[in-house]
Amino acid sequence: MNFGKQLKEGLITQNPVLVQLLGMCSTMAITTSFFNGLGMGVSVLIILTLSNIFISLLRKIIPNEVRIACYIVVIAGFVTCVDLLLKAFVPALSSSLGVFIPLIVVNCIILGRAEAFASKNTVGASTLDGICQGIGYTIVLIIMCVFREFFGSGTIGGGLLGGGALGSAPGIAIFPAEFGLSMLTLPVGGFLTLGALIAAMQWALAKSEKKKEAK
């Protein structure tokens with residue numbers, strides 16, 4: 001169990017979105033405001049960590065033939081809990097994210113880590129994996145939200161800053177919205193932003209690999 005190594009994997013070398021290319025549907029769909037990105041990221045982090053813990057605890061008694069079904073049952077249980085908690089305590093976020101919270105059940109990040117890591121490692125290592133992978137996912141969402149919101153509408157912190165109720169706050173205006181690239185707030189903006197981030201990550205990893213080979 002190596003926290004530094006697992007954190008590096010979650011943030012960079014095995015980032016779930018930019019390297020493993022998982023969870024891309026929700027990543028592109030909800031990254032239109034800081035409020036959405038932070039809420040979705042934290043929700044996935046909590047569900048991923050708890051699912052990893054329980055699947056690691058049960059890994060020796062889950063029959064191999066039905067392991068995927070068992071993983072989905074565990075994940076669905078935690079998704080339901082988070083969904084109900086959001087509806088009870090943060091209804092604005094629940095309404096904003098809509099169907100993408102229930103769809104975490106089939107999010108490839110969570111099921112992928114359950115199959116690739118939690119089912120083969122100890123509870124401690126699986127807990128760290130869930131936290132680190134969740135942090136990596138959350139950071140990508142926040143970067144995309146800040147970029148799309150700022151350049152698309154000229155604001156930052158939409159949903160949280162700028163006064164108003166939680167979830168409906170307009171954000172802090174940096175420049176008038178009419179000067180923004182409104183295309184970035186549309187679905188195509190999600191594709192373009194995510195594509196640019198993936199390209200930047202792959203370039204950085206390739207450059208790092210070349211430096212290692214040169215040594």
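Residues are numbered from 1 along each chain as its sequence is written, and side-chain values use heavy atoms, with hydrogens and water left out. Because the model is predicted, local features need pLDDT of at least 70 and side-chain atom pairs count only at pLDDT 80 or more, while totals for chains, interfaces and linings use all residues.

Helices (H or I, at least four residues) and strands (E, at least two) are DSSP runs numbered from the N terminus. Axes are lines fitted to C-alpha atoms, for helices over the stretch in contact, and angles run from 0 to 180 degrees between N-to-C directions. The axes of helix 3 (residues 34-58) and helix 6 (residues 108-118) come within 10 Å and cross at roughly 30°. Helix 3 is therefore roughly parallel to helix 6; angles under 35 degrees count as roughly parallel, over 145 as roughly antiparallel, 65 to 115 as roughly perpendicular and the rest as oblique. The crossing of helix 3 past helix 6 is right-handed (a crossing is left-handed if the near helix is turned anticlockwise from the far one by less than a right angle, and right-handed if clockwise). On the side of helix 3 the contact (heavy atoms within 4.5 Å) is made by Val-44, Ile-47, Leu-48, Ser-51, Asn-52, Ile-55 and Ser-56, and on the side of helix 6 by Ile-109, Ile-110, Arg-113, Ala-114 and Ala-118. By class, the contact of helix 3 with helix 6 has eight nonpolar, three polar and one charged residues. In this classification Ala, Val, Leu, Ile, Met, Phe, Trp, Tyr, Cys and Pro count as nonpolar, Asp, Glu, Lys and Arg as charged, and the others, Gly among them, as polar.

Helix 6 also packs against helix 4 (residues 67-89). The axes of helix 4 and helix 6 come within 10 Å and cross at roughly 130°, so the two helices are oblique to each other. Helix 4 passes helix 6 in a right-handed crossing. Arg-67, Ile-68, Tyr-71, Ile-72 and Ile-75 of helix 4 meet Ile-110, Leu-111, Ala-114 and Glu-115 of helix 6. Seven nonpolar, no polar and two charged residues make up this contact by class.

A further partner of helix 3 is helix 7 (residues 123-153). The axes of helix 3 and helix 7 come within 8 Å and cross at roughly 165°, which makes helix 3 roughly antiparallel to helix 7. The crossing of helix 3 past helix 7 is right-handed. By class, the contact of helix 3 with helix 7 has 17 nonpolar, 11 polar and two charged residues.

The structure holds four aromatic pairs. Rings of Phe, Tyr and Trp (its six-membered ring) pair if their centres lie within 6.5 Å; planes under 30 degrees apart count as stacked, over 60 as edge-to-face and the rest as tilted. Phe-54 and Phe-78 form an edge-to-face pair, with 5.2 Å centre to centre and 65° between the planes. Phe-54 lies in helix 3 and Phe-78 in helix 4, so the pair ties together parts that are 24 residues apart in sequence. Phe-54 is partly exposed at 41% relative accessibility, whereas Phe-78 is buried at 15% (buried means under 20% relative accessible area, exposed over 50%, partly exposed in between, with a 1.4 Å probe and protein chains only).

The rings of Phe-150 and Phe-175 have centres 5.4 Å apart and planes at 80°, so this pair is edge-to-face. Phe-150 belongs to helix 7 and Phe-175 to the loop between strand 2 (172-173) and helix 8 (187-214), so the pair ties together parts that are 25 residues apart in sequence. Phe-150 is partly exposed at 22% relative accessibility, and Phe-175 is partly exposed at 24%. Ring pairs link Phe-147, Phe-150, Phe-151 and Phe-175 into a cluster.

Glu-9 is found in helix 1 and is partly exposed, with a relative accessible area of 22%. Glu-9 and Ile-131 are 122 residues apart in sequence and 11 Å apart in space, C-alpha to C-alpha. Leu-21, in the loop between helix 1 (3-13) and helix 2 (24-30), has a positive phi of about 60° although it is not a glycine. Most residues other than glycine have a negative phi. Leu-21 is partly exposed at 42% relative accessibility. Ser-33 is placed in the loop between helix 2 and helix 3 and is buried at 15% relative accessibility. Leaving aside neighbours within four places in sequence, Ser-33 is in contact with Cys-145, Glu-149 and Gly-158.
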